[in-house]
Amino acid sequence: MGDMTMGGGESGFFTTKLESLLGWARKYSLFQYPFATACCGMEFFAAAGPKYDIARFGAEAPRFSPRQSDVLWVVGTISQRQAPALKRIYEQMLEPKWVISFGTCASCGGFYDNYATLPGIDKIIPVDVYIPGCPPRPEAVLDGLMLLMDKIGRGDKTPAVLKNTALPEGVPEKLEQLYQIRMKGKAPVSPEE
Amino acid sequence: MSKLLLDRLKAQFGDKVLETSSFRGDEVALLDKSVWKAAATFLRDDPRCACDYFVDLSVVDFPDEDEEKGRFSVYLIVYSTTKKHRVRIKTRLFEAAPELDSVADVYVGANWGEREAFDMFGVKFAGHPDLRRILMYEEFVGYPLRKDYPANKTQPLVEYREGTFDKLGPFLPDEGMPFDRAPVDPKSSSH
């Protein structure tokens, strides 16, 4: 529960700062506005579906009005022609509001370095969390959501990039073993061939 | 197979058919721009051509060939759903006067094709019912698929925010916020 500290001992109350309490409440009830424009949208649907189940984080309710939502998910390529619409939607959202940039195109334009594409939505609106990937897997999406929840809980407003995460202890060794078993008896492939 | 189409065009338009080629079923005729609409109408209405299906209309830009042949090569591909043959007719336009008769009232599908050609290359189609940009916005200056348009020149509609940006994001890799997990060692990652 962030930096809420138990102050009452066995007497059954605790003390906290108001911001911490609000952050704790907000991060578990994020209403989202999906602004899905491109192929990343498919991966967003996968993350929102039952298998990956974004409802575990209290962020499953899409609001199709920016006035009712807390998080703007910008999912996919934004063209220059679309940029005014995106900016207007962002401005319609009520404070407090957060923006997640989903995928490479929304974050920096991706490989669309041309006349038609906005090179990253941070050129027109502030972004809280960047999720890289083309498209990112649902695991990465949930990771990004957890990163945002972490930020909200701490009241941190700096932009954040989702970084690669380490595999759990022992997993790289296990993968190496499986690889050796699979390659057993096969001739090694030299890079020259 | 559909050499027939080229022969029909040559018989109908004579020396207005500047050159023809036929390669593995791709029949191409280069026409003088004065017979452009007449040729499209002929291909649609002649019972032995019967090209009732519009496939594509677009432009190729040859900026080096403006002096001898004309910079823009406009092409129209039509197909016959009954005779199962296909033909491409082309014409060349000079940069000084990129104007051509519209075939939007011959083939309805050419309406948006001609709008795209206007949007991307600035070719003007006389007689088109609604010649506006179709993909880019009205405020856009120039024609982005012309080869002399800078490939990455943007014309933003929304003013960019204050600050220094480049393509790699507004911050360095180790900036941003701390997140309580160990970074990946790229040498040990086998996934």
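## Talking through a predicted two-chain model

Trainee: Which residues touch the most other members of the largest nonpolar core?

Mentor: That core has 41 residues. Helix α5 of chain A gives the most to it, with seven residues. Among the contacts of F102(A) beyond four places in sequence are F44(A), W73(A), V74(A) and I131(A). The residues touching the most other members are W73(A), V74(A), I100(A) and F102(A).

Trainee: And α6(A), how many of its residues are buried?

Mentor: α6 of chain A covers residues 171–182 and spans 16 Å, close to what is expected for its 12 residues. It lies largely in the open, because the number of its residues that are buried is zero.

Trainee: Where is P135(A), the proline whose peptide bond from C134(A) is cis?

Mentor: Most peptide bonds are trans. The one from C134(A) to P135(A) is cis, with omega near -5°. There's also a cis bond from E95(A) to P96(A), and P96(A) is in the loop between α3 (83–92) and β3 of chain A. As for P135(A), look in the loop between β4 and α5 of chain A.

Trainee: Is R24(B) buried or exposed?

Mentor: Most residues other than glycine have a negative phi. R24(B) has a positive phi of about 50°, and it lies in the loop between β1 and β2 of chain B. R24(B) has 4 inside 10 Å, so it counts as exposed.

Trainee: What about D53(A), how does it count with its 13 C-beta neighbours?

Mentor: D53(A) also isn't a glycine, and its phi is positive, near 55°. It sits in the loop between α2 and β2 (71–75) of chain A. Because it has 13 C-beta neighbours inside 10 Å, D53(A) counts as partly exposed.

Trainee: Which strands stand at the edges of the sheet in chain B?

Mentor: The open sheet has five strands in the order β1-β2-β5-β4-β3, with mixed pairing. Each edge strand has a single partner, so one side of it is left without a neighbour in the sheet: these are β1 (17–23) and β3 (53–61) of chain B.

Trainee: Which residue in β5(B) stands opposite A29(B)?

Mentor: Strand β2 (residues 26–31) and strand β5 (residues 86–93) of chain B run parallel, joined by three bridges. Opposite A29(B) you'll find I89(B).

Trainee: Over which residues of chain B is the pLDDT below 50?

Mentor: Chain B has a mean pLDDT of 83, and 84% of its residues reach 70 or more. The stretch below 50 still has 34 contacts in the model beyond near neighbours in sequence. In chain B, that stretch is residues 166–184.

Terms used:
Residues numbered from 1 in each chain as written. Chains lettered and ligands numbered in written order. Predicted model: local features only at pLDDT ≥ 70, side-chain atom pairs only at ≥ 80, totals over all residues. Pairing = 2+ DSSP bridges. Helix = DSSP H or I, 4+ residues; strand = E, 2+ residues; numbered from the N terminus. pLDDT = per-residue confidence, 0-100. Contact = placed C-beta atoms within 7 Å. Expected span 1.5 Å × (residues − 1). Buried ≥ 20, exposed ≤ 12 C-beta atoms within 10 Å, placed from the backbone. Core = buried A, V, L, I, M, F, W, Y, C linked by C-beta atoms within 7 Å.
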